[in-house]
Amino acid sequence: MKINKIPLLLLFFVMLISMTACSLDTDDETEAIEDSPETSTQEPNNGNEDTDTGNEGDSGDDSDIEDSSDTTDTIDPVPSDGDVITAFTVKEAAEVGSDNFPITVVFPLVYGTFSTADSFQITDADGNLVPAQFEVLNRWWARDNSLRHVMAHFVPQVDAYDQADGSSGVAQYHLVVDSKQAQVAHPVTVIEAGNSIELDNGLVAIEIQKEPLKIMTPAGELKSLFYREDGTLDESFNHDDIEFEVEEDGPIRTIVKISSRTLYHSPTDIKHGWALRLYAYADSHLVRAEFQLQNSAINSQLSALLYFKGHQLR
């Protein structure tokens, strides 16, 4: 197939000429705008008129720019004592009700409003203060470092859900600003002394003996049974170099972390690592146990995967 090159060259020159003409028209238009006296947005101030710039004798385009930017980034006034920040609903769907089950709620906050969570409280539908513990989740760090999200831990009271009544099984609560503190009937206390750690809220107590590790609960001793790939038993709490840390110490929620690191010796000889977190809550006889197996070993740059037959926490 033979291609005629002459029409293609003519088309290329036509396009080049058109682009050059558009560029010249644009430059001319820009120069016309810059030279036009009508582009002035403010008449000269001869001292006979007041301006809204907030600074005496300040006239010019800078004041207009500042005023327009202020209107596009308005910060809401800081709520005062007793103000409601937001309302929220807690729903129960198991048809059994809830009066001692702790929950966690995350609240987003308006930029520039709060710097600390010290004044936050939770109230019920009747305005009664509910014991709650707050934790800063993150901040508007790229702006003024004010609070962006906070977490609230508390124990709600929710009636049982009834399928025949779609409005049942819900309870209304509010996040408010209040300088008063709710009274906690059974606060959590943690006592760490020597070889032991004790969690107690007056309703349930957990005793932790560090060496050898033994965790005693009202139901008996808590054990972690790890079964290797060949079926042999390796009790997690019998490991050496077990670490203890009180991650959170508050009257509403306390967390104790117990952990042991993974050690790699060979593809068939890996000492499994683990982390156990015990959560105790105020006004609740429930204790949450969160157990994690850790696959990665930090004593070796290269290690094999951790294979196992089973695990029981009982």
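Biologist: What should I know about the model before reading it?

Modeller: It is a predicted model, where local features need pLDDT of at least 70, side-chain atom pairs count only at pLDDT 80 or more, and totals for chains, interfaces and linings use all residues. Residues are numbered from 1 along each chain as its sequence is written, and side-chain values use heavy atoms, with hydrogens and water left out.

Biologist: Which strands pair with S16?

Modeller: Strands are DSSP runs of E, at least two residues long, numbered from the N terminus (helices are runs of H or I, at least four). Two strands pair if DSSP finds at least two bridges between them. Here S15 (residues 243-249) pairs with S16 in the antiparallel sense over six bridges. Three residues lie between S15 and S16, and the two form a hairpin. Asp249 has Thr254 of S16 as its bridge partner. S16 is also joined to S19 (residues 273-281), antiparallel, by eight bridges. There, Ser259 stands opposite Ala275 of S19.

Biologist: Is Ser260 buried or exposed?

Modeller: Buried means under 20% relative accessible area, exposed means over 50%, and partly exposed is in between (1.4 Å probe, protein chains only). Ser260 sits in S16 (residues 253-260). It counts as buried because its relative accessibility is 3%.

Biologist: What is Ser260 in contact with?

Modeller: Contact means heavy atoms within 4.5 Å. Leaving aside neighbours within four places in sequence, the contacts of Ser260 include His239, Asp240, Trp274 and Gln294.

Biologist: And where is Leu293?

Modeller: Leu293 belongs to strand S20 (residues 287-294). Its relative accessible area is 31%, so Leu293 is partly exposed. Beyond neighbours within four places in sequence, Leu293 is in contact with residues including Phe226, Trp274 and Phe308. Its C-alpha atom is separated by 9.8 Å from that of Ser259, 34 residues apart along the chain.

Biologist: How is a pair of aromatic rings described?

Modeller: By the distance of the centres and the angle of the planes. Rings of Phe, Tyr and Trp (its six-membered ring) pair if their centres lie within 6.5 Å; planes under 30 degrees apart are stacked, over 60 edge-to-face, and the rest tilted. This structure holds ten aromatic pairs. Phe226 and Phe308 form a tilted one, with 5.2 Å centre to centre and 35° between the planes. That pair links distant parts of the chain, 82 residues apart: Phe226 in S13 and Phe308 in S21 (residues 308-313). Phe226 is buried at 2% relative accessibility, whereas Phe308 is partly exposed at 38%. Trp274 and Phe291 are stacked, at 6.0 Å and 15°. Trp274 lies in S19 and Phe291 in S20, so this pair ties together parts 17 residues apart in sequence. Both Trp274 and Phe291 are buried.

Biologist: Which residues lie nearest the centre of the largest pocket?

Modeller: Rolling a probe the size of a water molecule over the atoms shows where empty space is left. On a 1 Å grid over the protein atoms alone, a pocket is an open set of points with protein on both sides within 12 Å along at least five of seven lines, where a 1.4 Å probe fits; lining residues have an atom within 4 Å of a point. Of the 14 lining residues, Arg228, Thr268, Asp269, Ile270 and Tyr307 lie nearest the centre of the largest pocket. S18 gives the most to this lining, with three residues.
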